[in-house]
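Me: I would like to go through this structure with you, one topic at a time. Could we begin with the strands?

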Amino acid sequence: MANNKDTVELVCSIAELSSMFEESHSLDEFLDAVVRTVAAHMRAAVCSIYLFDSYDQTLVLRATQGLNRESIGQIRLKMGEGLCGVALKELRPIRKAVASQSRHFIPVPGSFEEQYEAFLVVPILRGLKRVGVLVVQDGQPDYFTKDDARALQAIASQLAGTIENAQLLLSLRELHEESSPEAPVGGHYKGRAVSPGVVLGPASVWSFRSRGGQRLEPAAPSGAGLVEFRDAIRRSEHQLITVQRETEESLGHEVAMIFSAQQLLLRDEQIEGDMLRRIETGRDAGEVVAEVFNEYIQLFAASDMEMLREKVHDLKDLGHRMLRNLSSEGEDDVGDYHGHIVISAEFLPSDVVKLVAQRVAGLVMVGGGMTSHASILARALGVPLVIVEDDGVLHIRDDSLVLLDGIQGSLLVAPDAEVVESYRSLLEHEAGEGAGPVQHETTHTKDGTRITLSANINLMGEVALAWTQGAEGIGLYRSEFPFLIRNDFPSEEEQLRIYLSILEQAGERDVVFRTLDIGADKLLSYLPAWNEANPALGLRSIRFSLKNRPIFAQQLRAMLRAGAGRPLKIMFPLVSSLEELRAAKGCVAESIHDLCEQGIHCNTEPELGIMVETPAAVELIDALARESDFLSIGTNDLLQYLLAVDRTNEHVADLYIDHHPAIFRSIRKVIDAAKRANIPLSLCGEMAAHPRIVPILIGMGLRSLSIEPRSVGAVQAVIMALDLAEAETKAAAVLRSDEIGQTLALL
Ligand code: PEP
Ligand code: MG
């Protein structure tokens, strides 16, 4: 029966469809061509394509030859529903001689498909991603053969790539078309709440898939000439200086220079010259600004240098600012993103700081983990952040009204008035308030066992917040943040100023300075890229410092100098062997020696500790404890390495389980070792702020936790209500559990 069908030719025709797509004006038109071609070559009465809508997990009929065309867009099948739903769910082709005899067969109402008995459906997959299904039907029972099934599978696999490309091309085409005033597509994206707060505002979509795909919308003629252009430059400069000053005032002087790239670009003679020359020929200044900025955006985006590619947003922001100033709006508006919800494939820590400085209302990131450093920073700065997996959010039109719910973890596009109303009270509540400050000066369990609650600090501006929230000290100062948000290495003197300021703000309180923890998701754009296949397992943290001794020495010198005449604690991240600890301690000794020789006042007896973040450190914990003055368990990384789950990878986010029995057992080993060595121990991973986990940690014997300032009040409330004996019993049961489900049930 197969011999009357030209399946080989069909496979070739489908390959040609990719080029045919160029002539199609829409995905639907393209799919229509596909079903017509397949039906004709297979001599089948019906051919249809259903595409998978990953948001509501349904198959939607998108094209058909032979069924009622009015059903297009109307017929929706759930996963596992009907023969198509089963094929997609189980990722296998299904061939039926008489479809109506199958228990899965559901004739689609209004599609008149009852008349077609022979049925063949194959899933369309792109890797493991479900794209949709391709179906052929015919009135003659048992019409399709095994060979037909194989041919259709080959076609489906060709189609997957083409459909994906078609979607991509269409979206690019849309980007180039003048944005039409048509209403934004409504939609609801479910994601993970990373930083709390509920906000409503216009969307600002940064990129499609990569940081490179940026363009300034071509400006309508502004009517501006040379005079207005010069004035716009002056105003832009003034605004940038103002936003820089305000940012330093609120976040501290380590963010000095964060807008320097934009300031430099504004003063760049070549860019300015390019614009001037064209305006002098009599062209409209607005048009020229958009044109020249777009040329540089393309140039930067295509660069091999990460550092230049990163500047694309700066260029775009600056271009917008110039265009706004040319159209003489907002003389004093320093907040380019005021009230906006920025949606991007990724954010760098410096992006988060810049956006907060420019009064962004909320952030949406596609992929990434709760404990990625952009997430940590968003929480620290109190800006709502939701992570979604569906990159469909990158197609939301700029300026569409969106409602970001950083409590439930969702994003609503074009919410109707009723939805907005039901969110009203939450919207009126200030975003990211947290539970409020502590209610008691010190923290203890009901029976009086004292627990120390310290703060994890990323930026100097958070120190004041830590004290108002009631933290007793700084249990972890992430010293890499000043490095991350800058354009070049802070000098020893600059670092010294930062550390001194922190110690001054701390007064008598304890401060633990962690040495540079870069690498993995914390890369410095100004350092030549060292491309690694597995950066989380690569040259990061203490490994980086030990391989870059001059950078390490500068930092240690700055810390030792800042700690002159007062207690000083320095902590090394990601230590995995005694040799590494000894090498790091050796560097400290060398720096002390050098400083003393140079007659520079410094702390000559700092306490030196390590973060316990690797399974190797847990296994060697007694030996490491003997040679350390204190320990701190970094569970964000310990989880990642113990469970072999990348903390920034959304595809395995569901496996990044903080109540995994292996984690509790490892923590227990460290608690016991610290007791044996009689040295202080703290835990500074995110799980220390988890209200259901805190009782287990205390029950296991931890007496010191370091958490984000905004969580201190809530964690204190949990501890003050805690009965230690009960917590110990529960912790013992957790430690006996082998299963994740068992520990979860006990929390
Ligand atoms: C940790 O790993 O638990 C930790 C606190 O350090 P960071 O999140 O900065 O890696
Ligand atoms: Mg860590």
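Me: How many bridges join strand E2 to E3?
Reply: In this predicted model, strand E2 (residues 58-65) is joined to E3 by three bridges, and the two run antiparallel. Leu-59 stands opposite Leu-77 in E3.

Me: What packs on the sheet, touching E2 and E3?
Reply: Helix H3 (residues 82-90) does; the strands touched by H3 are E1, E2, E3, E4, strand E5 (118-126) and E6. The direction of H3 makes about 35 degrees with that of E5.

Me: And which strands does helix H2 lie across?
Reply: Helix H2 (residues 27-42) lies across strand E1 (46-53), E2 and strand E6 (129-138). Relative to E2, helix H2 runs at about 65 degrees.

Me: In what order do the six strands form the open sheet?
Reply: The order is E3-E2-E1-E6-E5-E4, with antiparallel pairing. Strand E3 (76-78) and strand E4 (94-96) stand at the edges; each has a single partner strand, so one side of each is left without a neighbour in the sheet. From one strand to the next, the twist averages 25 degrees.

Me: Changing topic: which residues come nearest to ligand 1?
Reply: Of the 16 residues around ligand 1, the nearest are Arg-478, Arg-514, Glu-613, Asn-636 and Arg-647.

Me: What is the distance from the side chain of Arg-514 to an oxygen atom of ligand 1?
Reply: An N or O atom in the side chain of Arg-514 is 2.8 Å from an oxygen atom of ligand 1. For Glu-613, a polar side-chain atom lies 2.8 Å from a ligand 1 oxygen. In the side chain of Asp-637, an N or O atom is 3.0 Å from an oxygen atom of ligand 1.

Me: How much of the accessible area of ligand 1 does the protein cover?
Reply: Ligand 1 has 290 Å² of accessible area on its own, and the protein covers 100% of it.

Me: Which elements each supply at least two residues of that shell?
Reply: They are helix H12 (373-381), strand E16 (474-478) and helix H22 (635-643). The largest share, three residues, comes from H22.

Me: What is the shell around ligand 1 by class?
Reply: The shell has seven charged, five polar and four nonpolar residues.

Me: Back to strands: in what order do the seven strands close into a barrel?
Reply: The barrel order is E7-E11-E10-E9-E8-E12-E13, and the pairing is mixed.

Me: Do strands E8 and E9 pair in the parallel or the antiparallel sense?
Reply: Strand E8 (residues 198-205) and strand E9 (residues 341-344) pair in the parallel sense, over three bridges. Ala-203 stands opposite Ile-341 in E9.

Technical notes:
Residues are numbered from 1 along each chain as its sequence is written. Chains are lettered from A and ligands numbered from 1 in the order in which they are written. This is a predicted model: local features need pLDDT of at least 70, side-chain atom pairs count only at pLDDT 80 or more; totals for chains, interfaces and linings use all residues. Side-chain values use heavy atoms; hydrogens and water are left out. Two strands pair if DSSP finds at least two bridges between them. Helices (H or I, at least four residues) and strands (E, at least two) are DSSP runs, numbered from the N terminus. Axes are lines fitted to C-alpha atoms, for helices over the stretch in contact, and angles run from 0 to 180 degrees between N-to-C directions. Contact means heavy atoms within 4.5 Å. A residue is near a molecule or strand if one of its heavy atoms lies within 4 Å of it. A polar contact is a pair of N or O atoms within 3.5 Å; within protein, one must be able to donate a hydrogen and the other to accept it, and residues adjacent in sequence count only if both atoms are side-chain atoms. Accessible areas come from the Shrake-Rupley method with a 1.4 Å probe; for residues, only the protein chains shown count as cover. Ala, Val, Leu, Ile, Met, Phe, Trp, Tyr, Cys and Pro count as nonpolar, Asp, Glu, Lys and Arg as charged, and the others, Gly among them, as polar.
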